[in-house]
Amino acid sequence: MASKIDLSRFEKKIILRNIKPEDIDDIIALNKVCFPNMETWKREELESHLKHFPEGQFCVEYDGKIIGSSSSLIVDFDEYDDQHSYNEITDNGYIRNHDPEGQNLYGIEVMVHPDYRRMKIGKRLYEARKDLCRRLNLKSIIIGGRIPNYHKYADRMSPREYVEEVMKQNIYDPVLTFQMMNGFVLKRILINYLDDDAASHKFATLMEWHNPDYLPKPRRHYRRSLPVRISVVQYMLKKIKSFEDFATQCEYFIDASANYRSDFAVFPESFTMQLLSFLEEQIPSKQIKKLAEFTEDYINLFTELAVRYNINIIGGSTFVEEDNSIYNVAYLFRRDGTIARQYKLHITTDEKRWWGIQPGDKLNVFDTDCGKIAILTSYDIQFPELARIAVDKGAQILFTPFSVEDQQGYLRVRYCSQARAVENQVYTVIAGTVGNLTHVPHVDVQYAQSGIFSPSDFAFSSNGVVGECSANIETIVVGEVDLEVLRRNRNVGTVTPLKDRRTDYYRIVTDEK
């Protein structure tokens with residue numbers, strides 16, 4: 001009697017799945033077979049695809065061998081020019097411009113091994129893209145398709161005429177005909193799309209498949225869609241007679257900021273040193289301890305001002321005594337009455353020598369009704385690791401209250417603040433003290449030119465300055481930043497430092513207590 005047939009001996013499984021890192025060498029080999037006369041994928045490009053949009057990268061495996069693949073990214077196609085190139089839409093092959101909040105799936109590559117082109121592998125890959133489009137509720141799939149048979153007709157037809165003949169089915173084109181059969185419609189003809197596509201004479205067809213299950217989402221308006229108005233107080237240290245005088249001077253600036261309808265008012269570092277002008281203490285260590293006695297008064301004052309004037313306040317910083325140690329602490333007073341604080345992490349030599357200031361041990365990122373923010377007090381902004389950690393935690397604005405005695409100190413704060421804005425694609429704000437307290441020991445002449453800074457790109461001021469004060473006078477500078485413009489710049493800016501970091505080569509590791 002014949003034994004039962006083992007059907008597994010006859011099975012050759014075909015599997016459609018997402019590409020994995022271990023598939024990269026096989027994908028590159030497939031690319032060389034499919035397009036022998038064109039530039040092939042680089043390993044780092046495919047690794048970037050998997051980093052930014054792994055669910056958009058598919059392959060077909062047949063009997064253990066990869067015989068087809070496709071790559072895609074999400075874009076908001078309205079942001080791109082009608083006559084874009086392949087390199088522009090793919091960020092030179094790295095898809096770092098992938099926008100998870102975009103509306104369109106853009107297909108950048110489909111490959112099928114020549115020996116397996118009668119098995120509907122391409123159709124399977126297209127159906128996988130359509131399923132992904134439906135699952136993510138994207139508006140459409142857009143592709144820039146080659147017209148590889150055009151070179152046979154280029155001497156007697158324009159690209160438009162050739163495409164029309166293919167659409168009438170008078171001419172067969174392996175790519176365009178296939179796309180039409182899969183429900184894609186012509187939008188326009190692209191010129192200079194793919195530099196190494198000699199067969200298509202660098203022309204391509206822009207094709208679109210509309211998702212019939214798409215549920216329209218509220219359309220984002222990019223024109224000042226998430227504006228945040230900031231008032232920066234350049235605060236004058238001058239003699240006062242009481243805490244009430246200090247409160248009056250602070251309220252004046254809060255009132256002015258509220259009249260400008262600002263979302264934030266920002267005060268300088270250690271501006272509460274002004275209280276020393278009526279405390280009559282000469283010894284530095286005792287000065288700070290006396291100043292720390294006003295911490296609760298300071299907190300009560302700014303909490304009440306934030307609520308009464310409906311404005312978020314970066315309350316500069318003040319000196320606080322905890323467990324017999326003195327800290328330089330910056331406070332966030334939200335307009336809903338809640339309070340948060342950030343201890344200064346890097347302490348200068350003078351702070352240690354004269355006042356015995358101790359460092360904090362944690363960097364916080366705070367939620368507000370105007371985005372996520374962090375406070376890097378004075379010296380802290382000069383350490384690029386802190387800004388990068390804050391931005392990685394979601395910070396969109398970095399506030400830097402500062403207090404320095406000379407122009408060199410000011411320029412260190414300013415240059416570093418602007419560098420952090422460029423490096424991290426983030427807004428930075430610096431607020432400094434001016435004036436002097438001639439009768440208070442160890443409170444030197446102050447130097448400041450406070451300002452608001454942005455990344456340097458076409459979406460912002462070319463010099464990266466949103467607004468700045470005149471130097472060394474008591475005043476306010478008011479500027480408006482847009483968090484939606486910032487978000488878009490991080491995705492599709494001229495350069496995208498956040499996305500382009502070599503995290504395979506370096507990274508920042510924290511050891512927070």
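**Close-up 1. Ile 476 and the residues around it.** Ile 476 touches Ser 231, Val 232, Val 233, Phe 253, Ala 256, Ser 257 and Cys 469, when residues up to four places away in sequence are not counted, contact meaning heavy atoms within 4.5 Å. The model shown here is predicted, so that local features need pLDDT of at least 70 and side-chain atom pairs count only at pLDDT 80 or more, while totals for chains, interfaces and linings use all residues. Residues are numbered from 1 along each chain as its sequence is written, and side-chain values use heavy atoms, with hydrogens and water left out. Ile 476 has its place in strand β20, residues 475-482; helices (H or I, at least four residues) and strands (E, at least two) are DSSP runs, numbered from the N terminus. Between Ile 476 and Val 404 there are 18 Å in space, C-alpha to C-alpha, and the two are 72 residues apart in sequence.

**Close-up 2. The second largest pocket, with Val 404 among the residues closest to its centre.** The space in this second largest pocket amounts to about 580 Å³. A pocket is an open set of points on a 1 Å grid over the protein atoms alone, with protein on both sides within 12 Å along at least five of seven lines, whereas a cavity is a set of points where a 1.4 Å probe fits but cannot get out; lining residues have an atom within 4 Å of a point. Grid points are joined across faces, edges and corners, and a volume is the space filled by probe spheres set on the points. The lining of the second largest pocket holds 26 residues, and those closest to the centre are Thr 348, Asp 350, Ser 403, Val 404 and Glu 405. By class, the lining of the second largest pocket has nine nonpolar, nine polar and eight charged residues, where Ala, Val, Leu, Ile, Met, Phe, Trp, Tyr, Cys and Pro count as nonpolar, Asp, Glu, Lys and Arg as charged, and the others, Gly among them, as polar.

**Close-up 3. Helix α11 against helix α12.** The axes of α11 (residues 384-392) and α12 (residues 407-424) come within 10 Å and cross at roughly 40°; axes are lines fitted to C-alpha atoms, for helices over the stretch in contact, and angles run from 0 to 180 degrees between N-to-C directions. The two helices α11 and α12 are therefore oblique to each other, since angles under 35 degrees count as roughly parallel, over 145 as roughly antiparallel, 65 to 115 as roughly perpendicular and the rest as oblique. On the side of α11 the contact is made by Pro 384, Ala 387, Arg 388 and Val 391, and on the side of α12 by Arg 420, Glu 423 and Asn 424. This contact of α11 with α12 has three nonpolar, one polar and three charged residues.

**Close-up 4. Helix α7 against helix α9.** Helix α7 (residues 243-259) packs on helix α9 (residues 295-308) at an angle of about 30°, with axes 11 Å apart, and α7 and α9 are therefore roughly parallel to each other. The contact brings together Phe 243, Phe 246, Ala 247, Cys 250, Glu 251 and Ile 254 of α7 with Asp 297, Tyr 298, Leu 301, Phe 302, Leu 305 and Arg 308 of α9. Nine nonpolar, no polar and three charged residues make up the contact of α7 with α9.

**Close-up 5. Helices α1 and α2 and the largest cavity.** With their axes 10 Å apart, α1 and α2 pack at an angle of about 120°, and these two helices are therefore oblique to each other. Ile 24, Asp 25, Ile 27 and Ile 28 of α1 meet Arg 43, Leu 46, Glu 47 and Leu 50 of α2 in the contact, which divides into five nonpolar, no polar and three charged residues. The structure holds one cavity of 30 Å³ or more, and the largest cavity has a volume of about 50 Å³. Its lining is formed by Ile 19, Ile 24, Ile 27, Leu 46, His 49, Leu 50, Gln 57 and Ser 71. The elements giving two or more residues to that lining are α1 (24-34) and α2 (43-52), and the largest share, three residues, comes from α2. Five nonpolar, three polar and no charged residues are found in the lining of the largest cavity.
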